[in-house]
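Notebook open, viewer loaded. I want to go through the strands, then the core, then one annotated stretch.

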Amino acid sequence: MTTTGQQPTARSTVGRSVERIEGTAKVTGAARYAFEVPAEGALYGWLVTSTVASGRITAINHTRALADPEVVAVLDHTTAPRLAEVGDTELQIMQSDQVRFHGQVIAVVVAGSPEAAREAAGRIDVTYEQRTHTVVLDGQSPDVYVPELVNGLNEPAVTEDGDVDREFGNSAVVVDGEYTTPPEHTAPLEPHAALARWDGGDLLLYYSDQGPYTTAEMLAPLLGIPRERVRVVAEHIGGGFGSKFVPRALPVAAALAARIVGRPVKAALTRQQMFALNGHRSETRQRVRLGADRDGRLRALEHTALMHTSRSMEFVENTATSSRMMYSSAAQRTLHRVGRLDIPTPSFMRTPGHAPGMFGLETAMDELAVRLGIDPIELRRRNQPDVDATNGLPFSSHGLLECLRVGAQRFGWTDRAPYRRGRWLIGSGVAASTHPDYTFPAKATVRIDDDGRISARVAGSDIGTGARTALTQLVAEEFGLPVSQVDVRIGDSAFGVAPPAGGSAGTSSWSWPLLTAARQIRERIEAAGGAIPVGGLEVAADSTDDLAKRPSLARHTFGAQFAEVWVHADTGEVRVERLYGTFAAGRIINARTARSQLLGGMVMGVGMALTEIGELDREFGDFANHDLASYHIPSNADVRDLRADWIDEVDDQLNPAGVKGIGEVGIVGTAAAIGNAIHHATGVRLRRLPFRIEDVR
Ligand code: MOS
């Protein structure tokens, strides 16, 4: 007999640095990713993609592909099973002869080996009737419009509060700038991979997926089968960055192919295909206007943004939404517009909206500080809001000023005069960071066995964040047990409703029902005098009702990014010598994996600042640089003294775990901090990402 409910903190690992539970399995190859799941008799699918950006398939001939006896089937729009109309053109593959973008899935070859499928894919003969395409955004085009909503949680595309024009008229100083950010791509190490297996009318899909439960919810109606007949398993995932947040063509292709051949089918994207078939971050063209008094107090704030979407579907990067809540201002206006292009529909990429939008706002804030001769930290202090202007709600906690204060100390902000060392011009910059704290309803089951061991199930996923380890620590803490006594299983849609790993909402959402169920078990055993019932005890919990009872408050993570840059006086080369981030994110569950999340976000911010750009080629109608040799992400030599820390923030208005989101906030503000430091070092103000040598000189 084991007793539980000892002092919960006695052996708690919460807050400490804990190794990833699956760390050894991952580095030894024991951890199985979707493509590696054994499947007897499996065939291999290879995606055939369009070579025109817009048009119609007039003929598609499989004869030469089928000549290889290893090739079992070819699916195209004439032979693929019909899918239901679900309003998602990225999922509805091979349903018509229409080509909407270069790289669209037009056929799937199924063969006995990936090599045979790939070779045969090259022998599919396709002719097209080509239409003219447009892949370059033109703000004057009739294809540009103001949508109703931006992506995310029903936030309007347009807001206006107060008399903006009058307040600009009353402002002693107005900063007015145009800021642009390019299309950007996610680059998870593990390309999207799927193994689909039908058993009668039941689909079992192993998929590298941020959201197994939500994927099952989306695929069931598409495939015209009841929800309970789809199960999605995603045990290990090699990165997602938003590209695996919602399913797109690949899992559908695998499911359709498996249904046609009556055998399991494995399929994966190539690195090159990922650039068209995963979504990408839209480019943004922003205008930020700030009107202020001489003492720096904002009177008017206006943030407008133009993005692209695809011809067939609307995705509106929420570029200006953080400007609605960051600072206090007498009047504010935000506006999003989108233009339709003949390209794949953009999608969620790490910190959608906030990452590009805060580049605009935080650069403009620096410009205002310089113009007024006010320290940029002091300027932000003077504009600290009392409430979230988006909804008038008070903040559950607001750590920005503390992050700026502590971050400034760690960085050594006070003696920040620019200086020169040899041919290097050295300067420093700061920017604020923020991300909303979302928590979504979830279900979980916790069980205690006779021997006192705890097991738990929740349909979350660990895309590399350390979520599995954090959840295990939290459950272990609830029982006062070491993590080795607790087994938390995730990554299976059969475990019940749960949000995807996205929106930095995973740990807060998934831990809620886990902790509720764990507490109920603990209390029942305590009530029984510490005895575990024979056969153990299992409790399921659902956070829906508790979440609905939570008071209405504005919940946000904040942070401050400090950068020191060295700019070469002759070449214009920019080196980010130091980048320090300080964050306020509620309770930190695992110091090691939390720091990695924040650092990883900051490295993405370095990429945003200096290297990342998806180059849309006008003639070819696609991203010209669709691999990691030509789409540049920072490497070790680009990342020098990089540090992430946090302040102790206790916020009991969040969720039972007391956590805020940490997955995405690290990227926000980084590019602006680097740009502001470049200005400090050189006097050159950069408003276009990525910063390039020719812009600095
Ligand atoms: Mo995401 S864009 O991985 O929340």
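Predicted model: local features only at pLDDT ≥ 70, side-chain atom pairs only at ≥ 80, totals over all residues.

**Entry 1, around β15.** I asked which strand runs parallel to β15. Strand β16 (residues 331-341) does, and 11 bridges join the two. I then looked at β14 (residues 284-292), which pairs with β15 in the antiparallel sense over 9 bridges. There, Q286 stands opposite A305 in β15. The β14-β15 hairpin has 5 residues between its strands, and G296 takes a positive phi near 95°. Is β15 buried or exposed along its length? It is mostly covered: I got 13 of 13 residues buried for strand β15, residues 298-310.

**Entry 2, an open sheet.** Next I traced a mixed sheet of 5 strands, and the order I wrote down is β19-β20-β25-β26-β29. β19 (419-421) and β29 (641-646) are the edge strands; each has a single partner, so one side of each has no neighbour in the sheet. Ignoring direction, neighbouring strands here are turned by 25° against each other on average. Inside the sheet I picked β25 (residues 556-568) and β26 (residues 574-584), which run antiparallel and are joined by 10 bridges. V565 sits opposite V576 in β26. I also noted helix α14 (residues 591-610), which packs on the sheet and touches β26 and β29. The direction of α14 makes about 140° with that of β26.

The largest nonpolar core has 209 residues, and V109, A194, A253, A254, V475 and L514 touch the most other members. This core draws at least three residues from each of domain 1 (23-31 + 440-488 + 502-547) and domain 2 (353-439 + 550-697). I listed the contacts of A194, leaving out residues up to four places away in sequence: among them are A34, L205, Y207, L250 and A267.

UniProt, in an unreviewed entry, puts "domain: Aldehyde oxidase/xanthine dehydrogenase a/b hammerhead" at residues 28-132. I computed 11% helix and 33% strand for that span, with its end C-alpha atoms 50 Å apart. Why does Q130 count as partly exposed? Because it has 15 C-beta neighbours inside 10 Å, and the label covers counts between the exposed limit of 12 or fewer and the buried limit of 20 or more. Beyond four places in sequence, Q130 touches V52 and G55. Q130 and V52 are 78 residues apart in sequence, yet 6.9 Å apart from C-alpha to C-alpha.

How values were computed: Residues numbered from 1 in each chain as written. Pairing = 2+ DSSP bridges. Helix = DSSP H or I, 4+ residues; strand = E, 2+ residues; numbered from the N terminus. Axes fitted to C-alpha atoms, helices over the stretch in contact; angles between N-to-C directions. Contact = placed C-beta atoms within 7 Å. Core = buried A, V, L, I, M, F, W, Y, C linked by C-beta atoms within 7 Å. Domains from an automatic or database assignment. UniProt positions renumbered as here; feature names shortened; annotations may be inferred.
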